[in-house]
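User: I would like a close look at one part of this structure. Please keep the explanation plain.
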Amino acid sequence: MSDNRNVKIRVRNLSKVFGNQPKKALELRDQGLKRPEILDKTGQTLGLSNIDFDVYEGELLVIMGLSGSGKSTLIRCLNRLIDPTEGEIVIDGQNIPSLKEKELLECRRRHFSMVFQNFALFPHRTVQQNAEFGLEIRGIDAAERRETARNALKQVGLEGWEDAYPRQLSGGMQQRVGLARALANDASVLLMDEAFSALDPLIRGDMQQELLQLQHRMKKTTVFITHDLDEALSIGDRIVLLKDGEVVQIGTPEEILTKPADDYVRRFIEGVDKSRILSAESAMRKVRSTVRDTDGPRTALRKMRDHSLDSIYILDRERRLIGLIDADAASKALEEGKETVTEAMTQDFRKVTREEPLHNLFAMFSENRFPIAVVDDNQVLQGVVVKGAVLDELAQAGEH
Amino acid sequence: MAIEFPRMPLGDWIEGGLNWLTSEYSAVTRGISRLTQTGIDGLNDALMWLPDWSLLVIIAALCWWLANVRLAIGAVAGLVLILNLGLWDPMIETLTLVVIATLVAVVIALPVGIAAALSERLYRAIMPVLDFMQTMPAFVYLIPAIPFFGIGSVSAIFATVIFSMPPAIRFTTLGIRQVPTELVEAADAYGATRGQKLFKVQLPLSLPTVMAGINQTIMLALSMVVIAAMIGADGLGSEVWRAIQRLRPGDGFEAGIAVVILAMLLDRLTQSLRKQKA
């Protein structure tokens, strides 16, 4: 589904060895040795090994792994806070590992903003001055950067705190400053290194929601690091799962949940509340039959009988969903001699998009007897979810 | 039978080296000497020109502004006592010596400390030198100081600078190294140059530590005043030195107490400066 999207960052064959004999370590790696053996033999730590992935323009990519999986190293290789040992990282045609000092500074200024786990705010600067930092580094003049930083602070809900110092703010608010500093900079990629991990769960949930809204609004390419699978699943468009410095699986949250690549991923996802993650799309079935708004009740009744349906969706010429008619209403309309199905149709059924979380559908089923229609943004009918399918999907996901 | 090793002529080598320096670089040392002497005279004359009561008011106001009323009252009491004991002029001479020595020490120590913080190699090279400077008995510096700069205040400042500089270097290095890595990373991540990183992040954040180092430097400089008096520096030190030579404990203690008052005053002042910055 993502193949036709623009690649913003292409990472190929990326490896990082910590130690003074990286060549030796990589040779052993190529002979098939794993991280612990290489450490034993050479004293070198294989931080990352042959990492391949793409970051698409405008997506929120989560890099997820437990501590020691290399995720912090990976995100720091992207803007070369850590120099990779081998491999390429291409952003807009520039290969980052081969940039010279000056080009690197320019590249960081243009392409990367970063949000840190422990906020990394400058304690000697006010909230406003912190938010201005990136702009100041780039040499933007004072009036413009004040304006831009002010807007960024407004976006994260910190209006009125401009003159406070970071230590006067709570953790959640501090991280908002961190976020504002990143947004003000308007770099093309936002790097978030365990940005919400130091926050308590409630604040964290709020921040995740706000990030999603911001991301939705600004379509900013974001690389988000976390060790928390729940977080990864709930905010990521796609997830890169790392283990011991290697990629285990890359996929959408649903793919990770429903098609885990190996036992490691399977064990990993055991604890996850699946109904929160699975969406209407996963339980969606093809619609067996529909009628046009110009069709009469007789046609509707025949189609329902042929496909053993209790009700049928009514579409207009552009296949947009305009209503539903059930068998009883159709028979009645036929008796009353009505010309088209639209005269007897109902709107009393639920419509959702593909992204609707599965657990929301339960409540809809309990208040309404009709199947749930899945439509796109233009109201074009995509599929249908029946009650049994939701339960099936959950049961299947639970078996993995 | 014990094998006899010839004695290593370490002292001869050092003397040879010093002699060579003295003769080859006499123009340089004379230049430094003249410059320093001008500085000393200028500052001394300025402080002496001010009537004692007005200087007293200025110092008290400074204490009030930078610290609190208590320090201001203490300063007035201490300075009035010095005035009353007739030690005002020597106190000013000592203050001049300390201020100039500290200035020179800080001007050298800051860049060296910053460089040592940023370069591991320089750090390793410089640490033993600092140990040497600090632990070598301070008297020893007086001996080469005299051929370099002659008898008097300039030699005293030379010895004082060498002896009191190490903490300023050490604390500067420490302060910069103590800046949390995440903050340095943040500066890097936003594309800061080395200079921007230094002046916008590392230096401001290490300022309290740097100030602690400068405070130590001032204290060490003050502790050198009596030793400096031995090569002809004027001030409270020479009062003490004279009292020792004449075996007059009363005079000695009076001058000694004046040194203590000056020390406490300078210490509290610089510390409050440090807290304000922190």
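What is the strand order of the open sheet of three strands in chain A, and what kind of pairing does the sheet have?

Analyst: This is a predicted model, in which local features need pLDDT of at least 70 and side-chain atom pairs count only at pLDDT 80 or more, while totals for chains, interfaces and linings use all residues. Residues are numbered from 1 along each chain as its sequence is written, and chains are lettered from A and ligands numbered from 1 in the order in which they are written.

The order in this sheet of chain A is 11-12-13, and the pairing is mixed. Strands here are DSSP runs of E with at least two residues, helices are runs of H or I with at least four residues, and both are numbered from the N terminus. Two strands pair if DSSP finds at least two bridges between them. Strands of a sheet pair through backbone hydrogen bonds, either parallel or antiparallel.

Strand 11 (290-292) and strand 13 (321-326) of chain A are at the edges; each has a single partner strand, so one side of each is left without a neighbour in the sheet. From one strand to the next, the twist averages 35 degrees.

Five bridges link strand 12 (residues 311-315) of chain A to strand 13 of chain A in the antiparallel sense. A:Ile312 has A:Ile325, in strand 13 of chain A, as its bridge partner.

Helix 15 (residues 327-335) of chain A lies across strand 12 and strand 13 of chain A, at about 85 degrees to strand 13. Such angles run from 0 to 180 degrees between N-to-C directions, with axes fitted as lines to C-alpha atoms, for helices over the stretch in contact. Contact between two residues requires their C-beta atoms, placed from the backbone, to lie within 7 Å.

For comparison, chain A also has an open sheet of four strands with the order 2-1-4-5 and antiparallel pairing.
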